[in-house]
Amino acid sequence: MEKVKYLILGAGPSGLTLANRLKELGETDFLLLEKEEEAGGLCRSVMVDGSPFDIGGGHFLDVRRPQVNEFLFQFMPEEEWQLFTRDSRIWVDGAEIGHPLEANIWQLDLQEQVAYLTSIAKAGCNLDQPMPTRFVKWMVWKLGQRIADHYMLPYNQKMFADELDELGTYWLEKLPDVSFEETLLSCLTHKPYGTQPGHAAFYYPKKFGYGEVWIRMSGEISSRVLYGMEASVLNCENRSVKTKTGEVFEGEYVITTVPWRSFEQIVGMPEEIRDLVSEIKSSAVEVRYVPKHLSTAAQWIYEPDLQVPWHRILVRHNFCPGSRGYWLETRKERIEMFGDAAINLPGITDHDAHGMGTACARNNGNGADFRYLNEYAYPLNTIGKPEAMRKLLAFCKSRQIYGLGRWGEHCHYNSDVVVDLAMQLASQLMIV
């Protein structure tokens, strides 16, 4: 049994940041266990058809947390990143319009604009009606019936769950009210008004996929990362972890960034807490490369049509110079529902790649038909999740076991958020 002060499970953005920040603070008695043969987690990249492909779908570095960017630029300097202004679109009502929908309905024809404006004016939040507690009714109350029906409800169904009322509304409360006045102004002036979405500006590597920065971070602590080590048994009594191949490691502190449900066994945890673990849910999403050209300036496009299997397109030539093709994101259940052959985009012609440059990235030998299924893609914000996670994390913390990041905290965090959280936890651990 190998013993360390800090035993970290998972070498994704959370675990890598925690380890590197501990090192930066003068602590080297740590060890990372990673089940894959390469670091990066959901943010890993591979080389497909001559260009980078991010296996976890669309991951970008938001600009809103300067302390996070400053930290990451230590490993991959700012001059190796390209700064973009977000251009995301929605395919709705037979048109491709800007995102968010309520700020861009002026791009639709006049009759559609009137219909949306009328619906927004009748939204419950604009009429001071009581806030519903169920997901579907809440969405109508917040956005109006038409935005709910034409975009938000079908899109969330495609991305997260067939039964939307299984989801809570607590994670939606940060959404701003859709203002009738601002929407009317946007229609009259033909420009967006209101709050900008996340990633309004973002960085993406100039020559690599998003996984490059995490590879470099792992290189800084290479002697303290063990690959091919999938955690199987977590023992809360002695803070040990047994891997699927039989190795045992023990930490004075254990920090897990892996999905709680991925453990085959958790020892020393009360039955009522283990039951909570079994109840938390997540979705699986396939990311698939399509070697065709898509004529749009958008970096990604949302597709709410329930008759189309996938929910989002990443148009990589609009953020990854010298590349071709696009990526489709499809929830696993919808692949099963529609059949594998249906995951395609009709009417798009092959792009003539003659004369195009080749981006630099690590080549994993994958062909142009590449696809990758992330069994753990998104934590689901089900109704009972906040209380379940509060009890789970409180119990574990009392045993010096910490959950960190998207999976350790079971929250739909972007990579910049988990880096920030990991930096904070490192500082807290150093003064415990």
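Author: The structure holds 22 salt bridges. This is a predicted model; local features need pLDDT of at least 70, side-chain atom pairs count only at pLDDT 80 or more, and totals for chains, interfaces and linings use all residues. Residues are numbered from 1 along each chain as its sequence is written, and side-chain values use heavy atoms, with hydrogens and water left out.

Reader: What makes Lys244 and Glu230 a salt bridge?

Author: A salt bridge needs a side-chain nitrogen of Lys or Arg within 4 Å of a carboxyl oxygen of Asp or Glu. The closest N and O atoms of Lys244 and Glu230 are 3.6 Å apart, so the pair qualifies. Lys244 sits in the loop between strands E12 and E13, Glu230 in the loop between E10 and E11, so the bridge ties together parts 14 residues apart in sequence. (Strands, E, are DSSP runs of at least two residues; helices, H or I, of at least four; both are numbered from the N terminus.)

Reader: Why is Lys244 called partly exposed?

Author: Buried means under 20% relative accessible area, exposed over 50%, partly exposed in between (1.4 Å probe, protein chains only). Lys244 has 48%, so the label is partly exposed.

Reader: Where do Lys391 and Glu387 lie?

Author: Both are in helix H10 (residues 385-398), four residues apart, about one turn of the helix.
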